[in-house]
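Here is a short report for a reader meeting this structure for the first time. Please look it over as you read.

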Amino acid sequence: MLLFFKSNRLNLNQSAGFSLVEAVIAIAIISLILGGIVMTIQTMVVFEGQTLKKRQASLLADQGLEVVRVLRDSGWTANVAPLTTNRNYYLRFNAGAWQATTTVQTNSPFYRTISLAPVYRDVNSRIAPSGTLDTNTKLITVTVAWPYRLATSTVVTSGYLTNLFAN
């Protein structure tokens, strides 16, 4: 029995708690883990904000194509044919109607431009880089740009527009 009690006694030379070095190491490890978590959350917030801007820009670009289609439907000769190719235009909603204008229009913080390019057809009437100019078809490119940190991000969409109603 005496042996049992003797083996359960604490040796005064052994430490019963944390030393200062152990505490500092534990605090450093916890700080690194918490710092990593905070950085991850911060990065997620930044990327989510950029993703939201990109979605909004995509919607504005799609809207730009739809507006050009509305202009075509309202009258190709009056609204689309006079627009100069390879020039930037801006869309403005004025007095209940859309207009293409050379005056800068911004959808803060977005900057949307519309440009038209000529379309050529080959001998088989397929769209080609060169050939016969098709005056009843235009290549429409919508670019939406917005500032992001020290650079500018952009979304570009394009499509062909034809004089569908011969108006």
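## Confidence

What average pLDDT does the protein chain have, and what share of the residues score at least 70? The average is 88, and 89% of the residues score at least 70. These scores belong to a predicted model.

Helix H1 (residues 2-8) has the lowest mean pLDDT of the elements, at 52. Strand E5 (residues 127-128) has the highest, at 96.

## Overall layout

The protein chain has three helices and seven strands. Their order along the sequence is α-α-α-β-β-β-β-β-β-β.

Contacts reach across the sequence. Take those between residues at least 6 apart: 54% of them join residues at least 24 apart.

## Surface and burial

The protein chain holds 167 residues, and 24% of them are buried. Its accessible surface is about 11,800 Å². Carbon and sulfur atoms account for 61% of that surface.

## Salt bridges

How many salt bridges does the structure hold? There are four. Three of them are described here, pair by pair.

Among them is the pair Asp 73 and Arg 72, whose closest N and O atoms lie 2.7 Å apart. Is Arg 72 buried or exposed? Arg 72 is buried, at 10% relative accessible area. Asp 73 is partly exposed, because its relative accessibility is 38%, which falls between the 20% and 50% cut-offs.

Another pair is Asp 122 and Arg 126. Their side chains form a salt bridge at 3.5 Å, N to O. Asp 122 is partly exposed, with 24% relative accessibility.

## A link between two strands

Arg 121 and Asp 134 also form a salt bridge, with their closest N and O atoms 2.7 Å apart. Which parts of the protein does this pair tie together? Arg 121 lies in strand E4 (residues 110-121), while Asp 134 lies in strand E6 (residues 132-148). The pair therefore ties together parts that are 13 residues apart in sequence.

Arg 121 is partly exposed, at 22% relative accessible area. Asp 134 counts as buried, because its relative accessibility is 16% and buried means under 20%.

Conventions. Residues numbered from 1 in each chain as written. Predicted model: local features only at pLDDT ≥ 70, side-chain atom pairs only at ≥ 80, totals over all residues. Heavy atoms only, no water. Buried < 20%, exposed > 50% of the residue type's maximum accessible area, 1.4 Å probe, protein only. Helix = DSSP H or I, 4+ residues; strand = E, 2+ residues; numbered from the N terminus. pLDDT = per-residue confidence, 0-100. Contact = heavy atoms within 4.5 Å. Areas by Shrake-Rupley, 256 points an atom, 1.4 Å probe, with all protein chains shown as cover.
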